[in-house]
Amino acid sequence: MPAAVDPLELASALHVDGQLDRAETLYRQVLAERPRELVARSNLIALLRDRQRWDEAETLMRESVALFPDDAGLAMRLASHVLAAGRYEEGWALYEARRRGPVDPPTLPFPEWDGGPVGTLLVWPERNPADILQFARFLPELQRRGVEPTLLCPPPLADLLEGAGLRVVAAAPGAALPKQEAWRLIGSLPLSLDARLETLPPPLRLALPTAAGGGVGIAVTAEAALADASRALAPDLVAEFMGHPGAVSLEPRHTGARSLKDLALSMADLDHVVAVDGVTAHIAAALGKPVSILVPRLNADWRWLRGRADSPWYPTARLYRQSQAGWRAVVDDLRRDLAPLLARPTPRRAAPAEVSPAQAAEADRRRRSIAAGLTDRERWSAPLDGKPGWDERARLAATLVPPGARVLDLGCGAMALERFLPEGCAYIPCDLVARDARTLVADFNAGQFPADTPCDMVTALGVAEYLYDAPAFFARLRALNRPAMVSYNVAAGGGPADRRALGWVNDYTEAQVVALARAAGFGRVSAHPVSPGQRLFRLDPQAAAPAERSVWLVSFSNVGNFGDRLGAQVLAGVLPPNARLRHVHHEPWELPTDEQPDLLIVGAGGSLFQRVLTPQLVDLAERSAQVVGVFGTQYRHGIDGALMGRLLDRLDVWWARYEADAYLYGRDRSNVRHLGDLMIDAFPMARWSRDETLEVGAEVGEDQPLDRLIARYQSARRVVSPRLHPLMCALTAAEEVAYLEQRRGGGDRVSGKFEAMLLDVFGARRPEGRLWSVDRNAVAAYKAKVRRNLDAMRAELAARLA
């Protein structure tokens, strides 16, 4: 007889297929039988929300949070639901659940603010720049209440917020934090200030000059909107927008924007902005620009509430909500509503200011110097006061320097870098002329170079444009065998067009600079935008890493079970550094659609059984380029031999969990290797600390921290376990253990896992339900064997993904 289809698997398939009524019935059936089935709960919540049955979804969310109080994801789901309903009094308190997930509260030498009287407050950033921009409005409110806030934020945001009436500190690595009386997460300020929809402060206004008459800015791709790619419009819809005379692309490649401030400046003279939900929309609203925001039907951010076309957060915003799959209807509405603006041709930008006679004479002098192949000693011997752009470049370079490093600054100029270096750094200036008594003097165009200077890092900011023999300079940099940072204004990169008038003697594109560095022997090269056309290149002498390769791991890593989660973690540690891991779960079965894997791994060291040995799994394996199996088997009596045979035929190699697996299914197959249970590698040999008998219980499936569970299972002198991996963990520390076999449906059919594991480790069976003494030598020998096999697997996976 064919095996019965699991109702949860069927419900998930129906859900994906759009048969929502049948899917809902099955989800509820599963939960009636298994109330703690988290996948069914999560999927049913999503289904109810998709059908806008908000009250039912909320009821189920609250039940789920009560059942799983430590699940931060469920708690945040409820928080977002309540906030989207506008119930801020309850919602802000629930929103604190993010501290257990995507937000890491800092550890600081002063306390977190409890709402009491303080004079100074360090406001800690959230991870999403959009959140920082949205919540920055609460800092002036703090000032009105007598608190002086200091906002810590990433350098691009610090630059954008400059002049907005706030004290802003850029969060540079290693930089000392300002001493304050207390701190608070910026996303927790609405809770502290008891924010309500009716009392929201106005948005923080960016201190940039704005005008109108510049057309309609279009930011409907991920790059232009600084948004998740899933929210972006298809290329054909983007093209429809850009076909209008008044449309202005906000793509970075068109605006030349290399920072958030550049992006804001590119919108400053626009009449209107159209953007999918992302950082660009927040910047446009903070500029006071009318902005049309495209809000997705599924998984819309809580900040846009529900069922509204306006936003209490941004008075100039209008929301265009997706009501069905695809954006066609929304785009049609937008094009109709904005027709007058889109039809108006975009005015040309103002012509550059005329060059004065003195400027023209200086440009001619520089050109003559370049034609003669000379270093411009006249220019660089004059006193240097520095320029604002030099500070911005130096500040960025300093963020890449670790505290305590000795930094050799080639072409130090006004020594701007020294002011921004982290604590404990030693600064070593070098230039064409002596800037102070410390300066090492060298003319790089004459082949001079401080090759014997001890240092940990090298910088060359504003130097490479003036080099006649850039390859030789890069070769000398590489000979220092230290990380280097080199700035360069790339040709055709949106920077100044008349390069010789600026004294720049060469014309490299970004790709050519990267090629120069690689030809000199730098293994890793990365580019960081400084300003339009200017890049800061980080050059590392280490060998370049292999190109990233996509790896899909099919497992049960999304459930709370100890063994399934641990197996995925151990296996991730075996993958090479260039592996880009994506998790695919047996339940619900949902495959990524944006790529195909370079390598498919079936299993994370656990066991396959008939419910998950599906035609979909075998089909995926058969159409994947490379496939490796890392699994054993259980409840073998129910396994479909034909499906198992198809799967094993497709595997390039099967790392079998136990010898019994290899004997039963791998006989006469050349692609089978015995791995052992890889999870033994996560358990160090230890000694029990409590003279007690520990009975493993429900905590094994409750998604508790893995390290805490390992410590628990290694703490007792005697351990009794109905689950395999807690027992295996106990083998490394306990004196005596006992196991209770897993039986399907309460019958006589056992999983077979315990017997297979005991034969692998001890070469003998042990009776069920009775304590027996652990042979520690056998356990240590088994750990060593599995470690050797894991090393072999590590080498093979690296070769497959090279």
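Visitor: How many salt bridges does a search of the whole structure find?
Guide: The search finds 70 salt bridges. Keep in mind that this is a predicted model.

Visitor: Why is the pairing of Arg611 with Glu587 called a salt bridge?
Guide: The cut-off is 4 Å between a side-chain nitrogen of Lys or Arg and a carboxyl oxygen of Asp or Glu. In this pair, the closest N and O atoms are 2.8 Å apart. That is within the cut-off, so the name applies.

Visitor: What makes this pair a tie between parts of the chain?
Guide: Look at the loops. Arg611 lies in the one between β20 (607-608) and α25 (615-622). Glu587 lies in the one between β18 (579-585) and β19 (599-602). The pair therefore ties together parts that are 24 residues apart in sequence.

Visitor: Is Glu587 buried or exposed, and how do you know?
Guide: Glu587 has 5% relative accessibility. Buried means under 20%, so Glu587 counts as buried.

Visitor: Why is Arg611 called partly exposed?
Guide: Its relative accessible area is 29%.

Visitor: What makes Asp691 and Arg717 a salt bridge?
Guide: Their side chains meet at 3.3 Å, N to O. The limit is 4 Å, so the pair qualifies. Asp691 sits in strand β24 (residues 690-695) and Arg717 in strand β25 (residues 716-721), so this pair ties together parts 26 residues apart in sequence.

Visitor: Which class does Arg717 fall into, and why?
Guide: Arg717 has 25% relative accessibility, so it counts as partly exposed.

Visitor: How far apart are Arg800 and Glu796 in helix α31?
Guide: They are four residues apart in α31 (residues 776-800), which means about one helical turn separates them.

Visitor: Now the strands. Why are β1 and β2 said to pair?
Guide: Pairing needs at least two bridges. Four bridges join β1 (residues 120-124) to β2 (residues 148-153), so the strands pair. They run parallel. As one example, Leu121 has Pro149 in β2 as its bridge partner.

Visitor: What makes β3 and β4 edge strands?
Guide: The open sheet of four strands has the order β3-β2-β1-β4. Both β3 (167-170) and β4 (182-185) pair on one side only.

Key:
Residues numbered from 1 in each chain as written. Predicted model: local features only at pLDDT ≥ 70, side-chain atom pairs only at ≥ 80, totals over all residues. Heavy atoms only, no water. Helix = DSSP H or I, 4+ residues; strand = E, 2+ residues; numbered from the N terminus. Buried < 20%, exposed > 50% of the residue type's maximum accessible area, 1.4 Å probe, protein only.
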